[in-house]
Amino acid sequence: MIDAMDFDRAPFRDELFHAESFLAELDAQPWASYTHAYGSAEDVPGCLRALAGDDDAAAEEAQSELYGSILHQGSVYEASAKAVPFLARIAAGGMRTADVLLLIGGIAEGGTDPDPGADPGPDLGSDPAGSGAVRESDEAACRRAVVAQLPLLLASVEHEDRAVRQAAAWAAGWTGTAGAALAVPALHDRAAVEKDPLVRAELLTSLVELDPEGSASAAAGAVGPDSPPELRIAAVMACADIGLPWTRDHHEAVLDLLPLDRLAADRYDHSRNEPLHDICLTLLDRDTEADREAVFALLDAALRSADPEARTEAVWVVTTACELSRSAPVRLAPALISAAAEDGTDDETGALSALGRLGPSGAPAADLLAARAAGDGDTADRALEALVAVDPVRAASLLARDLERRPRALQAASGGPADSLPVVPYDPELLAAVRRRLATMERGGTTPFRLTALLASWGPDASDAVPELLAALPAHPRVLPKALVAVCPPGRRAEVADALRTRTGTGPADERIEAARALHELTGEHVVLLSLLAELLAGSAGGGGGSADPIREAAEAAAAVGPAAASLVPALRAALNSPGAERNNPQMDDDIALAVALHRITGDAAEAVPVLAGVLGDRDGLWRRWTLVRAAAASESLGPAARPLVPVLKALLADPRQTPSAALALRAVAPDDLDAGHVAGLLLDAAEAGAAPFEAVDALVAFGTDALSDEHRARFTELGERDRRVVRSGLDGTVEITDERLRARVRAAVRGEWPRTTDHGRLTKDTGHGRMIRSR
C-alpha cells in the first residue's frame, strides 16, 4: 500500500541512495535464481552497479544490456520486478535519472494491472509455501513494483530538469489502475503550472491513459490554436483515444500542424511517434462511416499539401488505410494520383509506388504510371510495379520491353512476395521476353523462380518456351522441371520426358529426384523415382533429425506414386520418429507426410492414426499452427478410418486458426458427430476474426451454404460487403489483393456460383483474369 504522505517526503536523493546499503541489499538478492529474457538473471546486479557508477561508457553499456534482458522487446520477467526498487534508488540518487526513469516506465508499460485475487506473497511474485494462492504473473509483479515507486516518479515531475520531468510524467502514465488514485491528482497539479510544451504533452497523454473520462475536457480544451504545437497534437490524439467525436476543430488542427512527425520526435511514447498514422488508425478502428470519412477527408487534404514532408506522411497512412478499409482505395485514389503527379519524376513522397495499393481503383493512374515506367532506374521499376496491380494487362507489354531491368515489376508480375499468386495474364510479347531472358539468366538469384512462376501460371499458352526451358534445364535442375510439366503440350511430351529422364541420372540427389517427380507427373513413370527415393530414405536412416525437408519430400513423392511404391514401405516406417519422442515441428511434419504415404500406399490407416494422434495431441509447442493444419488435413484424407482421432480433432475446433482444418477433417471422419450449426458459427468466427479467413470460407462452402441458418447467412454475406477488410495480415503489399480475392469468393458463394470441385471448394476463379488458381 502506498502512503500518500510519502509524496511529500524529501530529499529522495539522500534518503533512498546510499552506496554502501545499496550494494549490500543488491548482493543479498538471489539473482541467479531469478530469470529474464536469456535465462538466469545473475548478470543483473553487475549491470545495476555499472548503471550507478561513474564510468559513463560502462553505464551506457549496462543500460543497453538491461533493455535487452529485463525489458526485452517490451517483455518483462521475474528479474524485471526485482530490479525496479534498485533502479528507483539509482534515479533518486541523481544518476542518469531521466534514462533510468524511462527504463522503469518501460517495465510498467510491459506489465499489467495486478489481479486483486492473486497473492504476491511477502516477496514480489512469490507464492508463500503452502499458501495455495495463485502465483502473481511476472507482468502484474512488474506493474506492482513500479506502483510502489510512484512517490519517486511523482516527485520527479517537479524536477528542475525538463528531461526528468518528461520521463517521470511518461512513466507515471503506465502505472495503470493501481497507480491512478495517487498519480492523477499529482499529474493534474503539475499540468496546471508546467510551461514546457513537451512535458505538457506528456502529462496530458498520461492523464488520458490513467483517467480518460476525467481528462476529456482538458484534452478537448487543448486542441485550439492557442496551445503550443506539441501539446495541440497530443490533445488531438488524446481526443481520438478517448473516443470523442471527431470535429472540424480536430481536422483543422491536424492540417495546421502538418507535417506531424516532428512534433512527436522528442516524445517518449515511441510506439506512437507517427501522429497522423496513429490518429487515422484510431479512427478507422472505430469502424463507423463518419470516422472513415473523417480519415479520408484528412488524408485527401494532406495528400494535396504543398509541403512534400506532409505528403510523405500522408502516403504512408494511405497504405495502412488501404490495408484496413475496402473503401479507402476508391476514395483516396484522386488525391494520391495528384500527389504522385506533384512529385515529378523522382517519387519523392512515395506516392507513385503507393498507387499499386489502389488495385483496380487506381485505373485513372495508368497513363501516369505508364509514362513513368518508360523512364530509367528504380523509379521506373517502381512505377511499373504499381501498374502491375492497377492494370496488369497494360503492364505486361511494358514489362516485355525491358524485362531484365525491371526486377521489382517482375516480382509483382510473377506473384510478388512468397505465397502470393501471379497476376499478369498471358501476353505474347511478354512470353517472348521471358524466352529471351531464359536463354541468358545465370545460376542463383530469384529470376528463375519468377520466370517459371509466370510460365506455370500461363500453362500450355506458354508452350513455345519449351526449347528455352530445355536448354536451361542443366543450369537450373531444381527450378525448371515443374515449369516444363506445366507448359508442355501433348506434341512435345516425349521430348520433355527424355530430357527429364536424362536429368534423373546426373547431379545431386535432390536434383535427380526433382526431375524424377516431374517425369512421374508427366508420364506416370515411377521406377526411377522409387529407386531414388529408396536411396534418399536409406541415407536418412535413424530419423529425420534436424533436416526435415528430405524426409518430407520423399514421403510426399512416394504418396503421389501410391500402391506402386510398396517397396518403400519398410524404409518409410523406419524413417518415422520414435513414439513418444520429443519432436520439433519439422520432425512432426516428417511424420505427418510419412503417415499419409503409408496410408496411400498400403490402403491401411492403422499405422497412420497413432502417428497423427501424437501430433494432434501435442498443441503446446511454438509455431505449431501449420503443423497442426497439415495433421488435420492428413486425418481428413483417412476418412472414417480416422475415427479414433475425433476427440483431438474436436479439441482443435476451439482454436480459430485450427477451426477450418479440424471441421473439414471431422466432416470426413465422423460427419454424424458434428453439430453443423455450431461448426458454421465457429467457422464464421474464424473468418470474421481474420484468423484463417480463406480456409474458413472454403470450409463453409464445403459444408454447404444452402444449409446456413438465416443468422449465419447474414454473417456470411456481411463478410463480402463490410468495409473492414477480413484479411488483416500478410507481406507488405499483399493484403489488399488477397482480401479482394476473398471478397470475390464470398460474393460468388452467396450467389451460388462457387465452382464445384472435389477439393472442398479450394479451387476458385481468379475474377481478375478468369483463370483457375489455388488458394493459399
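Trainee: Why does Leu281 count as partly exposed?

Mentor: Buried means under 20% relative accessible area, exposed over 50%, and partly exposed in between (1.4 Å probe, protein chains only). Leu281 has 28% relative accessibility, so it counts as partly exposed. Leu281 sits in helix H16, where helices are DSSP runs (H or I, at least four residues) numbered from the N terminus. Leaving out residues up to four places away in sequence, Leu281 touches Thr320 and Leu324; contact means heavy atoms within 4.5 Å.

Trainee: What should I know about the model itself?

Mentor: This is a predicted model, in which local features need pLDDT of at least 70 and side-chain atom pairs count only at pLDDT 80 or more, while totals for chains, interfaces and linings use all residues. Residues are numbered from 1 along each chain as its sequence is written, and side-chain values use heavy atoms, with hydrogens and water left out.

Trainee: Which residue forms a salt bridge with Asp285?

Mentor: Side chains of opposite charge can pair when their charged atoms come close. A salt bridge is a side-chain nitrogen of Lys or Arg within 4 Å of a carboxyl oxygen of Asp or Glu. Asp285 pairs with Arg724, their closest N and O atoms being 3.9 Å apart. That pair links distant parts of the chain, since Asp285 is in helix H16 and Arg724 in the loop between helix H41 and helix H42, 439 residues apart.

Trainee: Which residues are linked with them in a network of salt bridges?

Mentor: The network links Asp285, Asp287, Glu289, Arg292, Asp723 and Arg724. Within it, Asp723 and Arg292 form a salt bridge at 3.4 Å.

How values were computed
Helices (H or I, at least four residues) and strands (E, at least two) are DSSP runs, numbered from the N terminus.
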